[in-house]
Each structure stands twice: as structure tokens, then as C-alpha cells.
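Work through these exercises with the structure open. Try each task before you read its solution.

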Amino acid sequence: MLHNIRSLMLAGLALAAPVAASAQKKPAPKPQNAESAIHEADIKRDLFALAGDHFRGREGGTLDELKASVWLADQIRATGMLPAGDDGTYFQWFNLQRTRLSKASTLRIGTHEIKLNEDGAVTAPTNASITAPLVYVGTGSAAEIAKVDVKGKAVAVQIAGAPTDGISYRRYVFGKFAGQAGELVKAGAVAVVFVSDAASQALYDHWGHVFERGRYSLPGATSTKVVNTPPVIWLPASAASWVQQAGQQFTTELKVESFQYPSVNIVAKMPGTDAQLKKEYVLFSTHQDHDGVRAPIAGDSIYNGADDNATGCAALLAIMRAFKQQPGRRSALFVYQGSEERGLIGSTYFSAHPTVPQSSIVAVLNAEMMGRNVADSAALLGSTPPHMNSSDLVKTALSANQAGPKFKLDTEWDKPTHPEGWYFRSDHLPYARLGIPSIMYTSLLHVDYHTPRDEPSRIDYAKLTRMTQWMYLTGWAVANRTAPPAREPGFKLER
Ligand SMILES: [Zn+2]
């Protein structure tokens, strides 16, 4: 599951032509499903292996992601699924474009040499060469700003307060880097320096390191274009004592570097049994990457991503075993998307360059974080307008829930008013934007999200097994029905 601080520049992709309803005169009697082939013990074994320290958190675009992907392809082959990637392999390669501050960048405030990404962070990659006086404006209230001429100056602001409108504290603080900084830049500031207070220091300890990584996209995407805006810098609370001193100079040389390297999708299929319907695909989607090795928390630096998203990876392997035992009339396509955490990059690539005709994909069932929180509760994202692009598919999924695990469904997180924007943060999204009926199965957020504490020992395997059965039963129903799921007319996301 992707952080919600990244913007997804996917607008402008054309809607795909709808799939024509398949004209089956005499539907064959539906075969029995193979739900009993889905075993908790298999899921648990696969998850412990994939989310073990051996794979070092599987960061997108690293050898760790590649190693985990090769391991997954071996497991997939063992289930009996056929390769459906490039050139008869299980892999589809794509390049990431990464844009970040080069290590040659420097920052000095007064007598303080600030080592970037250790003593402070630049919140967006930008080229800059600035020498300017620093002014301190307290918390940056209108009254405080009115007392100072910020034009041509670097402006230091104390982070304080708390959100008042229901958004998370993280969004409140990160919102300042665009909102409050933007106002100061508009008033003529040449740089903005935010200093943590005690509350935001905890946030800095947890999130300060994310900026070092820079931005990722597919090559040529606008989201990694550098626009050279005045730098916004985030300092730890330890800077509060000296940053207020009058008469200090702010000096920085920031240089952006941009380069490409490969990431990978893993693609496999189980051909359908019906001569016509086998040309259509039910796509089971998940992502194999996570956040890699990062700043340690309580002595652990490996972000194992057990829930996010080894749960989805293990679930798909189990679903493959069921389809091997009993193939459906339509084909089943399994796509593990690389570099989801870097901005839904593998799914953006696969949805635009699928290894089967785009119009042959009748539904996307996406598995994202399915093994935490209360045992009998789960969520189906894409089941509420404006996120619902196929009420027909949702109906099938709800029936599968009743036939199988009978989860109590949380509908709050699918609402466009929900502050987390959960719907926009996983791999079904690029498919939905193309008009393909798409839903996400999830057990939602928890306190260990994107920390080294997201470990295999914290997963509820019985629940994960039931989530897997639910996905499978939905996919099975879609694979065997006569017509593909109908698309919602007038589907339009709120962003
Ligand atoms: Zn995630």
C-alpha cells in the first residue's frame, strides 16, 4: 500500500473500449470450485519465507526485489501456472525513473553545516544555489509574518499545533511543506526551513528518511519532472535552539540527479477450459515489493512488509493452486506488480502494456494488506460510488463473501471523504482508470504499517486464509459466468 503523500499522475489515460459480452448460446454446467485447495499452512509457509529477513524488505528496483521475484516465479512454476510475461518467461521488465538530490548537495545555516538526510531533509528534489539571510517567523502566523519582510530571504518556521479538521497528524505536517511553504514563497521567500517541535520530531524520526529516496515514476512521466521550486527543508527539533538566532546566513547548493534502473512484474496464467471464454482473463493482482532497508526502529532496519504485501503474494499462490486443481471457463491471470510502494509503477506499466490484450481483461481483483485487524472484519474498496466502476462485479464479490467467509464489511474507508484516501493507494487504480471492473480486498491500516514491525508473526493466518477464499470465490464466479462483469456507465473518480 502506497503512502498517501505521493501524487499519482495518471490523469489523461484514455478509457479502454468495453469488452463485448461473450455470446454463449448454451452455457456449460458450471464446474465445482476448488476452495478446499486453499490451505492456511501453505499461506503461512509462503508468507514467512517471503517476509523473512532473507529478502531484506524487497524494495522496488533493487536486487532484493529481484531476488524475491525470482523466488516467487519458482513458487508459481511449482503451482503449475504457465508463464505469461515477456518472451515466454514469468517476468515483464520495466524501467523506473528515479530523481533525487545528489550527495554532492550542501546546506549551511549560520555556523551549522547540515548533512542532508542525516541532520535535515529537503522535502522535494530541486536544483538551487542560494545565499540569503535567514529570518525566523515563529509558527508563521499571519501576525508574525506581517512583522517581517520575507522577500529574498530564507524563512524559518517552527512547526506547532495539531490538525483541527480530522486529517492525520502526518498529513497536517506534510501539508505545511506545500501549503504554508507555498504561501511564504508567494510572498517572496527564496527557501523555507521547518523546525520540528516535540510532536513533529516523532514524525521526523519515522518519516524524515523518505525524502532521501526522491521520486520515482515510469520514464517520461511528469511526476519526476524537476521544476526547481525554492527548497523546503525539514530540520529536527534539536535545531530549534539555534535557528532562531538573528543575523544568520542560509547557504545551499542543491543538485538533482535522475537515472533509470529496472524493476519487474511477475505474470502467470491458468488457461480457461471454454474454447471462447478462455480468451478472456480474470486478473488477480498484488505487489511483491515493500520498503527495503531503512532507518532502524527499535534496532530493526528491515521493513519486512509481511502484511504489506506478502499477504497478497501468498494469497495469489494459494489461488493458483485452486485454479490448477480446477480451472475456470475463463483464463485466470496472476500479476505481481513491482515497485507499487514507489508509486504504483508496475501496475501503471502493466495496465498500459499488458501481456494479454487489454480488452480481454474482464475484471481485476487486487489483494492488498489482508492479514491484520479484527478477525471478522474486512473491506472491499471500489464498492461505493464514485469508486465503484462495476456494481455487477461488486455484487459478485458480496455474494462470494456470503457464500464463504461472511466478513462484516467496513464501508467507511471507501468513502471519498475518508482522509486516508485508501482507494487511491493500490494497484487496482490504474486498471480502474482504464474502465476495467476493479476491486481491492484489504483488512485496512494498522499501527505497524510501513514499519519494521510489520512482521510475519503479527499476521492473523486464519483471517488471511478467509480473505484468500473470498477473492478466489469471487474470481471463480467471474471466470465461469456467461457474460463478463458489466461496467458502470458514467464512472468517474473524484480525483
Ligand atoms: Zn505499502
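The exercises below cover a metal site, a helix pair, a helix in its surroundings and some backbone details.

This is a predicted model, where local features need pLDDT of at least 70, side-chain atom pairs count only at pLDDT 80 or more, and totals for chains, interfaces and linings use all residues. Residues are numbered from 1 along each chain as its sequence is written, and side-chain values use heavy atoms, with hydrogens and water left out.

**Exercise 1. The zinc site**

Task: List the atoms that coordinate the zinc ion and classify their arrangement.

Solution: 
1. Collect the donors, that is, N, O and S atoms within 2.8 Å of the metal (3.2 Å for Na, K and Ca); water is not among the atoms, so sites may look incomplete.
2. Check the angles. The 6 donor atoms subtend 56 to 167 degrees, so the arrangement is irregular. Six donors count as octahedral if opposite donors are over 155 degrees apart and all others between 65 and 115; four count as square planar by those limits, or as tetrahedral if all angles lie between 85 and 135 degrees; anything else is irregular.
3. Read the spacing in sequence: M-x306-D-x32-E-x108-H.
4. Asp308 sits in helix α7 (residues 306-325) and Glu341 in the loop between β16 (331-337) and α8 (345-352); the two are 33 residues apart and link distant parts of the chain. Helices (H or I, at least four residues) and strands (E, at least two) are DSSP runs, numbered from the N terminus.
5. Buried means under 20% relative accessible area, exposed over 50%, partly exposed in between (1.4 Å probe, protein chains only). Asp308 is buried at 0%, and Glu341 is buried at 1%.

**Exercise 2. Helix α8**

Task: Is α8 enclosed or open, and what covers its buried residues?

Solution: 
1. Count. In α8, 6 of the 8 residues are buried, so the helix is largely enclosed by the rest of the structure.
2. Name the buried residues: Ile345, Gly346, Ser347, Thr348, Phe350 and Ser351.
3. Find the cover. It includes β2 (91-101), β9 (215-217), β12 (256-270), β13 (281-287), β16 and α10 (428-433).

**Exercise 3. Backbone details**

Task: Find cis peptide bonds and positive phi values.

Solution: 
1. Most residues other than glycine have a negative phi, and most peptide bonds are trans.
2. Asp308 and Asn309 are joined by a cis bond, omega about 15 degrees.
3. Pro385 and Pro386 are also joined by a cis bond, omega about 5 degrees.
4. Asn228 has a positive phi of about 55 degrees and is partly exposed at 42%.
5. Leu344 has a positive phi near 55 degrees. Leu344 lies in the loop between β16 and α8 and is buried at 0%.

Conventions: Contact means heavy atoms within 4.5 Å.
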